[in-house]
Amino acid sequence: MKWKTRLTLIATLALGTWCSQAADVNENWKTHCVSCHGKDGKGETKAGKKAGAKDMTDTKYQADLTDAKAFKQIKEGMKEDGKERMKAFGDKLSDDEIKALIAYVRKFKK
Ligand code: HEC
């Protein structure tokens, strides 16, 4: 195989993987998270307001957010005074999908 062909092949493969991953995380965000956090992460949906979802585009919000905390919360959910505020997604999403979603949430940062 010529180096040029090989390079094109690698590029195509890399792009394909990247695209399918991006689609997945978009889908997951739309399916599981938009109802509360909104498409833009601002949490200005009906359910988001009710649950008390914060503005994920806020710089301070992002600064306070650690990957470990976010991971735990997405996996195990969040309860306050015995009331569920955010569902647990551990049974619906794999660890890798959760990690991709955290990276997705990071992108809301202004
Ligand atoms: C039932 C409403 C609801 C749904 C659905 C929901 N969340 Fe949340 N989420 C909340 C609330 C309420 C909070 C706490 C306030 C805040 O940080 O916005 C929160 C907080 C978070 C945080 C911050 C955690 C931290 O450590 O401060 C992340 C990250 C997050 N959600 C990601 C997600 C992802 C990813 C999904 C989809 C898989 C999702 N949420 C679905 C309501 C929801």
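## Exercises on the ligand site

In this predicted model, the shell around the ligand has 15 nonpolar, five polar and three charged residues by class.

**Exercise 1.** Find how many residues surround the ligand, and which element supplies the largest share of the shell.

*Solution.* Start with the count: the ligand is surrounded by 23 residues. The closest are Cys33, Cys36, His37, Lys54 and Met86. Next, sort the shell by element. At least two residues each come from α1 (3–37), α4 (67–76) and β2 (83–86). The largest share belongs to α1, with six residues. As for location, the ligand sits in the largest pocket.

**Exercise 2.** List polar contacts of the ligand, using a cut-off of 3.5 Å between N or O atoms.

*Solution.* Take the ligand atoms by type. A nitrogen atom of the ligand is 2.8 Å from a polar side-chain atom of His37. Then turn to oxygen. A polar backbone atom of Lys54 lies 2.6 Å from an oxygen atom of the ligand. In Tyr61, an N or O atom of the side chain lies 3.0 Å from an oxygen atom of the ligand. Each of these distances is within 3.5 Å.

**Exercise 3.** Work out which residues coordinate the iron atom of the ligand, and what geometry the site has.

*Solution.* First, identify the protein donors: His37 through NE2 and Met86 through SD, at 2.0 to 2.1 Å. His37 belongs to helix α1 and Met86 to strand β2, so the pair ties together parts that are 49 residues apart in sequence. Third, check the angles. Ideal octahedral angles are 90 or 180 degrees for six donors. Here the six donor atoms make angles of 84 to 179 degrees, and the site is octahedral.

How values were computed: Residues numbered from 1 in each chain as written. Predicted model: local features only at pLDDT ≥ 70, side-chain atom pairs only at ≥ 80, totals over all residues. Heavy atoms only, no water. Near = heavy atom within 4 Å. Polar contact = N/O pair within 3.5 Å; in protein donor to acceptor, adjacent residues only side chain to side chain. 1 Å grid on protein atoms, 1.4 Å probe; cavity = no way out; pocket = protein on both sides within 12 Å on 5 of 7 lines; lining within 4 Å. Sits in = over half its atoms within 2 Å of the grid points. Helix = DSSP H or I, 4+ residues; strand = E, 2+ residues; numbered from the N terminus. Nonpolar A, V, L, I, M, F, W, Y, C, P; charged D, E, K, R; others polar. Donors = N, O, S within 2.8 Å, 3.2 Å for Na, K, Ca; no water. Tetrahedral: all angles 85-135°; square planar, octahedral: opposite > 155°, others 65-115°.
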